[in-house]
Amino acid sequence: MSQEILEKLTNSVIEGDVDAAIALTKEALHAGVEPMAIINQGLVPGMNVVGEKFTSGEYFLPNLVIAGSAMQQAMQLLEPELKERQQERTSSGKVVIGTVHGDIHEIGKSLVATMLSANGFEVLDLGVDVPTEVFLTKVIESGAQLVGLSALLTTTMTVQRDVIEALDDAGVRDRVKVLVGGAPVNQEWADSIGADGYAEDAMAAVALAKRLMGES
Ligand code: B1M
C-alpha cells in the first residue's frame, strides 16, 4: 500500500503533476509513511528520472521547472512534519547556509537547512544565488560557527572555493567551519578547496555538522 503510494508519487514528479504530488504526499503521511521515506523513496527518485530525461534530451527546461515545483510544494507539507519528529531542544550551534552565486537550485539546500534546524541548529538560510560577499558579511555579522555552501552545477561548484578564499582574505576562516555539498561535489573536491567537510545528503550533513561543532 505505502509502496504503491510512493511509486505514484515518483510518477507524479516525473510527469510534473503538481496536484497529484501534493495529494499523494498527504496520502503517504496519512498512511503513516515517515517524511524522510517520502522524500528519499518518493520524491527524489522522480527528480533523478527527470534529470536523466533532461540529460538525454527527452525533457526540456519547462519539465525541470514543473518537476521542481512539484517537489517543492510537497516539501512544504513535509517540512513541519520533519521538524516535529526530529526536534532537539539543545542548541547545536549557528549555521549560515545558501546556494552559491550563479546557482538557483533550491530544493536540496532547503532540505539540508530544514534537517539542521530540526536537529537543533539555529539556521540562517540566505536562499539561492547568494553573492560571495553576502556569505562573508552574514558569517561575520551572525557569528555563525558553520557555513554551508550548496552547488548543483559543475560551473558553480568553483564558487565554493571563492567563498572559502573570501573568508581567508577577510581573516575569519579560522572562526568558521565550512561544509560543502550538492550533486557534483565530492570529498575530493572538498579537500582540494580546503573545506572542513563534505556531506552527500541532508542526514549526512547533520551528522557532519554535529561532528564539526564538537571540533570547534
Ligand atoms: Co537543474 N540541473 N538546471 N534545475 N536540475 C541539474 C542539477 C542537472 C544535473 C540536470 C541534468 O542535466 N541531468 C544539471 C547540472 C549539470 C551539471 O552541471 N553537472 C542541471 C542544469 C544543467 C540546469 C540548467 C543549467 C538548465 C538550463 O538552464 N539549461 C539550469 C541552471 C540554472 C541556475 O542555477 N543558474 C537549471 C535549472 C533548474 C530549475 C530551476 C528548472 C530546477 C530547480 C528548481 C528549484 O530548485 N527551485 C532544476 C532541477 C529541478 C534540477 C534537477 C532535475 C533536480 C535537482 C533537485 O532538486 N534534486 C537536477 C537533476 C538531479 O539532481 N537529478 C538538475 C532533489 C534534491 C533533494 O537533491 O539538490 O541533489 P539535491 O540535494 C541533495 C544533495 O545534493 C545534498 O543533499 C540534498 C538532499 O539529500 N546537498 C547538500 C545539496 N546541497 C547540499 C549542501 C550541503 C550538504 C549536502 O552542505 C552545505
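Residues are numbered from 1 along each chain as its sequence is written, and side-chain values use heavy atoms, with hydrogens and water left out. Because the model is predicted, local features need pLDDT of at least 70 and side-chain atom pairs count only at pLDDT 80 or more, while totals for chains, interfaces and linings use all residues.

The domain assignment divides the protein into domain 1 (2-84) and domain 2 (93-215); such bounds come from an automatic or database domain assignment. The C-alpha centres of domain 1 and domain 2 are separated by 25 Å. Ten residues of domain 1 make contact with eight residues of domain 2, where contact means heavy atoms within 4.5 Å.

A nonpolar core is taken as a set of buried Ala, Val, Leu, Ile, Met, Phe, Trp, Tyr and Cys residues joined through side-chain atoms within 4.5 Å. Buried means under 20% relative accessible area, exposed over 50%, and partly exposed in between, with a 1.4 Å probe and protein chains only. The largest nonpolar core has 45 residues, of which Ile38, Ile39, Leu43, Met75 and Leu116 touch the most other members. At least two residues of this core come from each of helix H1 (2-15), helix H2 (18-30), helix H3 (35-56), helix H4 (61-86), E1, H5 and helix H9 (202-215). Helices (H or I, at least four residues) and strands (E, at least two) are DSSP runs, numbered from the N terminus. Domain 1 (2-84) and domain 2 (93-215) each contribute at least three residues to this core. Not counting residues up to four places away in sequence, Ile38 touches Leu6, Leu9, Thr25, Ala28, Leu29, Val33, Leu43 and Leu78. A second, separate core of 26 residues includes Val100, Val163, Val178 and Ala195.

The ligand is surrounded by 34 residues, the closest being Thr55, Ile104, His105, Glu106 and Ser150; a residue counts as near if one of its heavy atoms lies within 4 Å. His105 is located in the loop between strand E1 (93-99) and helix H5 (107-118). NE2 of His105, at 2.2 Å, is the single protein donor to the cobalt atom of the ligand. Donors are N, O and S atoms within 2.8 Å of the metal (3.2 Å for Na, K and Ca); water is not among the atoms, so sites may look incomplete. A side-chain N or O atom of Thr55 is 2.6 Å from a nitrogen atom of the ligand.

Thr156 occupies the loop between strand E3 (146-150) and helix H7 (157-169). Thr156 is buried, with a relative accessible area of 4%. Residues up to four places away in sequence aside, Thr156 touches Val100, His101, Gly102, Asp103 and Ala151.

Thr132 belongs to helix H6 (residues 132-142) and is buried, with a relative accessible area of 17%. Beyond neighbours within four places in sequence, Thr132 is in contact with Val159, Asp162, Val163 and Ala166.

Asn119 is placed in the loop between H5 and strand E2 (121-125). Asn119 is also buried, at a relative accessible area of 6%, and its side chain reaches the backbone oxygen of Met115 at 2.7 Å.

Note on methods
Polar contact = N/O pair within 3.5 Å; in protein donor to acceptor, adjacent residues only side chain to side chain.
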